[in-house]
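These are my notebook entries on one protein chain. I set down what I looked up, entry by entry.

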Amino acid sequence: MLTFGFTPTNVETERFVGSVRNWPLFPDTNASLRRLSASFRLAVISNVDDDLFHDTARHLSVDFDDVITSERVRAYKPALDPFETAFTRLGVPPNRLLHVAQSVYHDVNPAGRLGIDCVRVRRYDDQFDPPAPQTDPVHTVPDLTTLADGLLD
């Protein structure tokens, strides 16, 4: 667990939680997703509720083939339920999916347990998610542009 040397007040905590819906996307997100959507089906598996994803989606310039939120599945990653829901709803076996994510704990490890290949997007090195892969990602990239370049070129 990360500590930053202070304990936020209730007001600060509420302000932080309320700010999440306005966080900007990473600069490469929309262009990379548009490029990938021309060749691949795209789906989201996210540890958020539907309202928060709706707020985030207004910043996105692509439509997804499916959106699987923790609220809909009633489980949070690293539980396997969100992943199992994805391959059931998409009608694709686990070995035909590629999961792209940052978190080893929430994404790489559970996806690997189900036989889903995973690409780890490692934007911050390991400062927010110390590596403890039980299943190694098939590839690690610094951003989505690098992922799109690798898959499409």
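**Entry 1**
I began with R89, which is partly exposed, with a relative accessible area of 41%. I then looked up its charged partner and found that the side chains of R89 and D66 meet in a salt bridge, at 2.4 Å from N to O. The pair links distant parts of the chain, as D66 belongs to strand β2 (residues 66-69) and R89 to helix α5 (residues 81-90), 23 residues apart. D66 itself is buried, with a relative accessible area of 11%. I note that the model is a predicted one.

**Entry 2. The other salt bridges.**
I recalled that side chains of opposite charge can pair when their charged atoms come close. A search of the whole structure returned 6 salt bridges. One of them joins R21 to D55, with the closest N and O atoms 1.9 Å apart. R21 is in the loop between α1 (10-19) and α2, whereas D55 is in helix α3 (residues 50-57), so this pair ties together parts that are 34 residues apart in sequence. R21, at 36%, is partly exposed.

I also looked up the salt bridge between R123 and D28, where the closest N and O atoms are 3.0 Å apart. This pair links distant parts of the chain: R123 is in the loop between β4 (117-121) and β5 (139-141), and D28 is in the loop between α1 and α2, 95 residues apart. R123 counts as partly exposed at 25% relative accessibility, and D28 is buried at 11%.

**Entry 3. Helix α2.**
Which residues of helix α2 (residues 29-37) are buried? I found T29, N30, S32, L33 and L36. They cover an arc of only 165 degrees around the axis, which means that they are on the same side of α2. The cover over these buried residues includes α7 (144-152).

I examined L36 of this helix in more detail. Its relative accessible area is 6%, so L36 is buried. Setting aside neighbours within four places in sequence, L36 is in contact with L42, L147, A148, L151 and L152. I also looked up the separation between the C-alpha atoms of L36 and H106, which is 23 Å, the two residues being 70 residues apart along the chain.

**Entry 4. Serine 70.**
S70 lies in helix α4 (residues 70-73) and counts as buried at 3% relative accessibility. Its side chain makes a polar contact with the side chain of N47, at 3.0 Å. Not counting residues up to four places away in sequence, S70 touches S46, N47, V48, A75 and Y76.

**Entry 5. The chain as a whole.**
From the N terminus on, they run α-α-β-α-β-α-α-β-α-β-β-α. The radius of gyration is 16 Å, close to the 15 Å that the globule rule gives for 153 residues, so the chain is as compact as a globular protein of that length. Along its principal axes, the C-alpha trace spans about 45 × 35 × 30 Å.

Buried residues make up 34% of the 153 residues. Of the contacts with a separation of 6 or more, 48% are between residues 24 or more positions apart. The chain exposes about 9,700 Å², and carbon and sulfur atoms supply 53% of this area.

Key. Residues numbered from 1 in each chain as written. Predicted model: local features only at pLDDT ≥ 70, side-chain atom pairs only at ≥ 80, totals over all residues. Heavy atoms only, no water. Buried < 20%, exposed > 50% of the residue type's maximum accessible area, 1.4 Å probe, protein only. Helix = DSSP H or I, 4+ residues; strand = E, 2+ residues; numbered from the N terminus. Arc of directions from axis to C-beta. Contact = heavy atoms within 4.5 Å. Polar contact = N/O pair within 3.5 Å; in protein donor to acceptor, adjacent residues only side chain to side chain. Rg over C-alpha atoms; globule rule 2.2 N^0.38 Å. Areas by Shrake-Rupley, 256 points an atom, 1.4 Å probe, with all protein chains shown as cover. Salt bridge = Lys/Arg side-chain N within 4 Å of Asp/Glu carboxyl O.
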